[in-house]
Amino acid sequence: MFIYILINNISILCVWIFIIGGLTVLLPYMILLINAVTLGSFVSYMHVTYGIDMLVMLLLLIPHGIFEITAIIMGVSCSAFFGINVWKMVLKKKPLSELKIDFINVIKMIAFASILMVLAALVETYITPLFYFLFSSRF
């Protein structure tokens with residue numbers, strides 16, 4: 001389960017946000033919006049359908065969400081920053097040498113965000129289930 005969650009998190013971070021989003025600038029923000037709407041819909045669905053207390057849902061989501069949401073926001077920021085600078089270079093408003101420096105800085109931030117995603121996957125795999133069993137009597 002850990003590997004599946006980790007691959008999913010890293011693929012969202014690196015492929016969708018950084019590689020594809022870096023070229024389109026607006027796509028990372030759309031991904032962030034879709035992620036927020038999906039999360040909100042899921043919490044609402046679980047509350048309405050199964051009667052799970054909102055506080056319990058928060059206790060299940062917050063521990064790994066702290067790392068995951070931070071990493072996604074970092075990825076979106078890096079993607080938009082890099083995408084804007086790519087377009088500045090294409091439009092001849094920025095030299096390629098500066099873009100290379102920007103790229104190195106973005107790679108460093110994405111590496112840090114990837115570490116956060118590993119932490120999120122670990123927490124989601126091993127700690128969240130403990131919270132579930134601890135609070136399962138409230139369901």
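The largest nonpolar core of the protein consists of 8 residues, namely L13, A71, I72, M74, V76, A113, L116 and M117. The elements that supply two or more residues to this core are α3 and α4, and α3 gives the most, with 4 residues. Another core, of 7 residues, lies apart from the largest one, and its members include V43, I52, V56 and M57. The model is predicted, and every value reported here was computed from it.

As to the overall arrangement, the secondary structure comes to 4 helices and 0 strands, with the elements running α-α-α-α from the N terminus on. The C-alpha trace spans about 60 × 25 × 20 Å along its principal axes. Buried residues make up 35% of the 139 residues in the protein. Among contacts with a separation of 6 or more, 77% are accounted for by residues 24 or more positions apart.

The packing of α3 against α4 was then considered. Two packed helices are described by the angle between their axes and the distance between the axes. The axes of α3 and α4 come within 8 Å and cross at roughly 165°. Angles over 145 degrees count as roughly antiparallel, and α3 and α4 are therefore roughly antiparallel to each other. The crossing of α3 and α4 is left-handed.

Individual positions in these two helices were examined next. T128 is placed in helix α4, which covers residues 96-135. With a relative accessible area of 13%, T128 falls under the 20% cut-off and is therefore buried. Apart from its neighbours within four places in sequence, T128 is in contact with L60, H64 and V123. V86 lies in helix α3 and, at 13% relative accessibility, also counts as buried. The C-alpha atom of V86 is separated by 35 Å from that of F2, a residue 84 positions away along the chain.

The loop between α3 and α4 contains K94 and K92. The relative accessible area of K94 is 14%, so this residue is buried. The side chains of K94 and D102 are joined by a polar contact of 2.7 Å. When neighbours within four places in sequence are left aside, the contacts of K94 are with N85, K88, M89, L99 and D102.

Key: Residues are numbered from 1 along each chain as its sequence is written. This is a predicted model: local features need pLDDT of at least 70, side-chain atom pairs count only at pLDDT 80 or more; totals for chains, interfaces and linings use all residues. Side-chain values use heavy atoms; hydrogens and water are left out. Buried means under 20% relative accessible area, exposed over 50%, partly exposed in between (1.4 Å probe, protein chains only). Contact means heavy atoms within 4.5 Å. A polar contact is a pair of N or O atoms within 3.5 Å; within protein, one must be able to donate a hydrogen and the other to accept it, and residues adjacent in sequence count only if both atoms are side-chain atoms. A nonpolar core is a set of buried Ala, Val, Leu, Ile, Met, Phe, Trp, Tyr and Cys residues joined through side-chain atoms within 4.5 Å. Axes are lines fitted to C-alpha atoms, for helices over the stretch in contact, and angles run from 0 to 180 degrees between N-to-C directions. Angles under 35 degrees count as roughly parallel, over 145 as roughly antiparallel, 65 to 115 as roughly perpendicular and the rest as oblique. A crossing is left-handed if the near helix is turned anticlockwise from the far one by less than a right angle, and right-handed if clockwise.
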